[in-house]
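Have the model in view as you read.

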Amino acid sequence: MIPQSGGNYTYLHEAYGPLPAFILLWMTVTISIPGSRAVAALSFANYVVQPFFPNEQTPPQSALRIIGILLIHTPSFPGTQRRP
């Protein structure tokens, strides 16, 4: 048992050294997390836009992308505001 916090990073660091642990952390932060959030946002955007395009018409990609971007950035916007 490893008495440290850090999950997979800590286990890889102890078992294989710092390089594999860093590569895992880097791939998680730059590829895995943003990629999964983008897929979820675009899937949700497709469901939101679909009622406006009946009879199995495909919605425009630009509308899906704009809604996806709004879904990703809107929850983080309040954290950028200064509070008195």
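Helices (H or I, at least four residues) and strands (E, at least two) are DSSP runs, numbered from the N terminus. This is a predicted model, where local features need pLDDT of at least 70, side-chain atom pairs count only at pLDDT 80 or more, and totals for chains, interfaces and linings use all residues. Residues are numbered from 1 along each chain as its sequence is written, and side-chain values use heavy atoms, with hydrogens and water left out.

Q: Where is the place of Thr10?
A: Thr10 sits in helix H1, residues 8-16.

Q: Why is Thr10 called buried?
A: Buried means under 20% relative accessible area, exposed over 50%, partly exposed in between (1.4 Å probe, protein chains only). Thr10 has 6%, so Thr10 is buried.

Q: Which residues of H2 are buried?
A: They are Ala21, Ala41, Ala45 and Val49. The buried residues of H2 pack against H1 and helix H3 (61-73); contact means heavy atoms within 4.5 Å.

Q: What is centred on Thr28 in H2?
A: A kink of about 45°. The bend at a residue is the angle between axes fitted to the seven residues ending there and the seven starting there.

Q: Which elements have the lowest and the highest mean pLDDT?
A: pLDDT is the predictor's confidence in each residue, from 0 to 100. H1 has the lowest mean (87) and helix H2 (residues 18-49) the highest (92).
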